[in-house]
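Reader: I have a model open and would like to learn how to read it feature by feature. Can you take me through it?

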Amino acid sequence: MSTENTSKASIWTPANIITAILLVFGLIITVLRFTKGLGTVTNLDQNNPWGIWIGFDLLCGVALAAGGYTTSSACYLFGLKKYHSAVRPAILTAFLGYALVVFALHFDVGRPYRLVYPIFLQPGTTSLLFEVGLCVFLYVSVLAVEFSPAVFEWLGMKKIRNMVHKLTLPLTVLGVVLSTLHQSSLGALYIAVPSKIHPLWYSPYLAVLFFVSSIPAGLSMVIFEGTLAHKPWHHMMDKTHLDEHDGVTLGFARGASIALAAYFCVKLVALAADDNWHYLATGWGAWYLLEVVGFVLVPCLMYAIGSREKNIPLIKWAAGITVFGIILNRFNISMVAFNWQLPSSQRYFPSLMEIGLSLFVVTIGVTVYRFIVSRMPIFFEHPEYKDAH
Amino acid sequence: MEYYIYHDFMMHVKSVIYILMGLFVLGFWGLWAFMTSRDEEIHKFPEHH
């Protein structure tokens, strides 16, 4: 009897109840979207055909999943083996991030059974969307294979695990190539609409800006996620992971500081190349300065001070601010500064159901993440494969 | 600032970017020197003994 009570209490935790509510609401919105159409659940219209599902689920999802290629290239391409314990959590986050990007895209595009059309049936080779689609399709496959050794270790499939493990280096190279291509292509998509985006955010360098900003986004996400995961899954972390944690945080902070400084420089060059300085004195300029100074320059300096002083809490704050800053930047380009000349009555603001669906997608990600890290060797090395890398 | 021909505009913009590039080089040098200054102290420490 007491065992039954204990098991009931362990299932109905506040986190599980919130998860269940969000999932139920998400499923209702899903049914509405696919039976009644986009107009029923979204505020999208002819002026604003892309909303929060593209701005948040896709643009932010892809940028914040960049931790996969940055961490694996640091470890396997640059030989920084001291970051090895961060690779699997980063690959898992990247894989889930990209898988959810594809999942969320179905809600926007509709007709999920036609997902294969752009790749296999009607490839539009002159379209940037084709490049994005192809790269994401290939990179999700690469991440699935990169992550599969953890699944095979969990399932005890030693032979196939060892076989896939040998592909680590070529997969890492492929991951960097594909990420470079589609991170930049997402920015390049917006080069097609120079008259719609406010001049402070529009730039011919958007492709470069998206790619460069994905590096600190990925590094910050690894630190941020490590911070969030440290408490609930501390018991799942082995000694190596715990010992290397501070080193990973300090090393990534240094990398993120330099990457943010580079991003800040490209931002200034983009501003100077179009001679848009005069816009800084307007209301839009204040918003732009808040983004560039408050969420790029400030975390850059916080990272620098944190890595110099070995101040881990400061670095964790910098990671949170950077992650928020990247989300703000993608929101500004895709929604806030998009159609800025339209009267406010024609501007886009997401409906509650659009926000609910984005929360649904994030909840699915967190639920799957919790399932995986509670079972598979993510924060610890499987005893049978210790030092196998 | 007014530009009469496209050449004026390009000259102005490129000049500004050249100045910015110089500042960036100094900025990166400063950032790196700041971040690694304590590392050098740690590395130098055993040499004194």
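Author: Let's begin with one helix: in H5(A), the buried residues are A:Gly67, A:Gly68, A:Tyr69, A:Thr70, A:Thr71, A:Ser72, A:Ala74, A:Cys75 and A:Tyr76. This is a predicted model, where local features need pLDDT of at least 70, side-chain atom pairs count only at pLDDT 80 or more, and totals for chains, interfaces and linings use all residues. Residues are numbered from 1 along each chain as its sequence is written, while chains are lettered from A and ligands numbered from 1 in the order in which they are written.

Reader: What makes a residue buried, partly exposed or exposed?

Author: You count the other C-beta atoms, placed from the backbone, within 10 Å of the residue's own: 20 or more is buried, 12 or fewer is exposed, and in between is partly exposed. Helices, for their part, are DSSP runs of H or I with at least four residues, strands are E runs of at least two, and both are numbered from the N terminus. In this model, nine of the eleven residues of helix H5 (residues 67-77) of chain A are buried, so the helix is largely enclosed by the rest of the structure.

Reader: Which helices do the buried residues of H5(A) pack against?

Author: For that you need contacts: two residues are in contact if their C-beta atoms, placed from the backbone, lie within 7 Å. The buried residues of H5(A) pack against H6 (84-109), H8 (128-155), H10 (168-189) and H11 (206-230) of chain A. After H5(A) comes A:Gly79, with a positive phi near 70°.

Reader: At what angle do H6(A) and H11(A) pack?

Author: Axes are lines fitted to C-alpha atoms, for helices over the stretch in contact, and angles run from 0 to 180 degrees between N-to-C directions. Under 35 degrees counts as roughly parallel, over 145 as roughly antiparallel, 65 to 115 as roughly perpendicular, and the rest as oblique. H6(A) and H11(A) pack at about 100°, with axes 10 Å apart, and are therefore roughly perpendicular to each other. On the H6(A) side the contact uses A:Ala86, A:Pro89, A:Ala90 and A:Thr93, and H11(A) brings A:Met221, A:Val222, A:Glu225, A:Gly226 and A:Ala229. By class, the contact of H6(A) with H11(A) has six nonpolar, two polar and one charged residues. Here Ala, Val, Leu, Ile, Met, Phe, Trp, Tyr, Cys and Pro count as nonpolar, Asp, Glu, Lys and Arg as charged, and the others, Gly among them, as polar.

Reader: How many residues does the largest nonpolar core have?

Author: A nonpolar core is a set of buried Ala, Val, Leu, Ile, Met, Phe, Trp, Tyr and Cys residues joined through C-beta atoms within 7 Å. The largest one has 100 residues, and A:Leu64, A:Leu260 and A:Tyr303 have the most contacts inside it. Beyond its neighbours within four places in sequence, A:Leu64 touches A:Gly97, A:Ala217, A:Met221, A:Val323 and A:Ile326.

Reader: And chain A as a whole: how many helices and strands?

Author: Chain A has 15 helices and zero strands. Of its 389 residues, 42% are buried.

Reader: How many residues of chain B are in contact with chain A?

Author: 14 residues of chain B are in contact with twelve residues of chain A. The chain B side has ten nonpolar, three polar and one charged residues. Chain B itself comes to one helix and zero strands, and 0% of its 49 residues are buried.
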